[in-house]
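Here are my notes on the model, point by point. Please read them with the coordinates open.

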Amino acid sequence: MSLAKLPFIFAAAVGFHISVTAPEVAKDRVVTPNAIERVLIPFNALIGQILKGTIWLATAAETAAILTRYIPPHYMSPGIADALGKLGNPDASKITAVSLFGSLMFVMSGYIRWQCYRELGRFFTYELSIRDGHKLVTSGPYSVVRHPSYTGVALSLVGASAMYGARGSWLRESGVLNLPFVCVVANTWAAMMVMVVVCLTIRIPQEDKLLAQSIGKEWEEWAQRVKYRLVPGVY
């Protein structure tokens, strides 16, 4: 266990927070819903809040577990000591190559999504839509792949799997997953995150079709230059 892990824990949480916090935009969009969109639209904001809140809760818990080792027992009341003891074995919170990789994925996710927010501006929405005066954005990350914001979300799932789901992670090794509430929260978070990534993956061809129909030749020329949707050279 090491205090040196704290910056990586917080960097991961900040990266994830940014990745699921879209900018506020004027509501002048024309939404084109399908079955998946009709299900997701009412819950977009709630899902984001739950995902962010859970990551910050895990960050606070692991931070407390690390700091427990450095707080003399006589400075803690019995109630606080008991609560901290339920956070599991503090020795489980150690820096590993996998945890560093997970933190990096979270940071990259936040950075890519932030770049997408900046490039798209008012054209960024959680919904599948064409906005008033819509124009095709081909700069920044959109010069690399056609759906970089979805790449960013997928990286968050990779980061969470490495940082919290892999063997050797604090969540797996500390014993806190044996607590029913923690187990339910962790599994619910994972299921929601997988659902979001799957839904976004399904949306990709629909979004391409909508843009091709709405923008036409400019989109076709861009799609010829930027052939990959999520990962350069792969997909």
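1. Start with helix α1 (residues 6–19) and helix α6 (residues 148–165). Their axes come within 11 Å and cross at roughly 155°. An angle over 145 degrees counts as roughly antiparallel, so α1 is roughly antiparallel to α6. The crossing of α1 past α6 is left-handed. Bear in mind throughout that this is a predicted model.

2. Which residues make this contact? On the α1 side they are F8, I9, A12, F16 and S19; on the α6 side, S156, M163 and Y164. By class, the contact of α1 with α6 has six nonpolar residues, two polar ones and no charged ones.

3. Next, α1 against α5. The axes are 7 Å apart, and the packing angle is about 30°. That is under the 35 degrees used as the limit for roughly parallel, so α1 runs roughly parallel to α5. This crossing, of α1 and α5, is left-handed. From α1 the contact draws on F8, A11, A12, G15, F16, I18 and S19. From α5 it draws on L100, S103, F106, V107, S109, G110, R113, W114 and Y117. The contact of α1 with α5 divides into ten nonpolar residues, five polar and one charged.

4. S103 deserves a look of its own. It sits in helix α5 (residues 97–120). Is S103 buried or exposed? Its relative accessible area is 3%, and buried means under 20%, so S103 is buried. Setting aside residues up to four places away in sequence, S103 touches F8, A11, A12 and M163. Of these partners, F8 and A12 are in α1 and M163 is in α6, and these three also take part in the contact of α1 with α6.

5. The axes of α1 and α3 come within 10 Å and cross at roughly 175°. The two helices are therefore roughly antiparallel to each other. L6, I9, F10, A13, V14, F16 and H17 of α1 meet L51, K52, I55, W56, T59, E62, T63, I66 and L67 of α3. The contact of α1 with α3 counts eleven nonpolar, three polar and two charged residues.

6. Now the overall layout. The protein chain has nine helices and two strands. In sequence order the pattern reads α-β-α-α-α-α-β-α-α-α-α. The chain has 235 residues, and 43% of them count as buried. How far apart in sequence are the contacting residues? Among contacts between residues at least 6 apart, 83% join residues at least 24 apart.

7. V196 and V153 are 43 residues apart along the chain, and their C-alpha atoms are separated by 8.4 Å. V196 touches I47 and V153, again leaving out residues up to four places away in sequence. A212 is also found in helix α8, which spans residues 180–215. A212 is partly exposed, at a relative accessible area of 23%. A212 and A223 are eleven residues apart in sequence; C-alpha to C-alpha, the distance between them is 9.2 Å.

8. W222 is in helix α9 (residues 217–225). With a relative accessibility of 2%, W222 counts as buried. Which residues does W222 contact, apart from its neighbours within four places in sequence? They are L136, V137, T138, Y142 and R146. The C-alpha atoms of W222 and S143 are 8.6 Å apart, although 79 residues separate the two along the chain.

9. Last, the cysteines. A disulfide is a covalent bond between the sulfur atoms of two cysteines. How many disulfides does the model have? With a cut-off of 2.5 Å between cysteine sulfur atoms, the count comes to zero. C116 is buried, at a relative accessible area of 0%. C183 is partly exposed, at 29%.

Notes: Residues numbered from 1 in each chain as written. Predicted model: local features only at pLDDT ≥ 70, side-chain atom pairs only at ≥ 80, totals over all residues. Heavy atoms only, no water. Axes fitted to C-alpha atoms, helices over the stretch in contact; angles between N-to-C directions. Helix = DSSP H or I, 4+ residues; strand = E, 2+ residues; numbered from the N terminus. Parallel < 35°, antiparallel > 145°, perpendicular 65-115°, else oblique. Left-handed = near helix turned anticlockwise from the far one by under 90°. Contact = heavy atoms within 4.5 Å. Nonpolar A, V, L, I, M, F, W, Y, C, P; charged D, E, K, R; others polar. Buried < 20%, exposed > 50% of the residue type's maximum accessible area, 1.4 Å probe, protein only.
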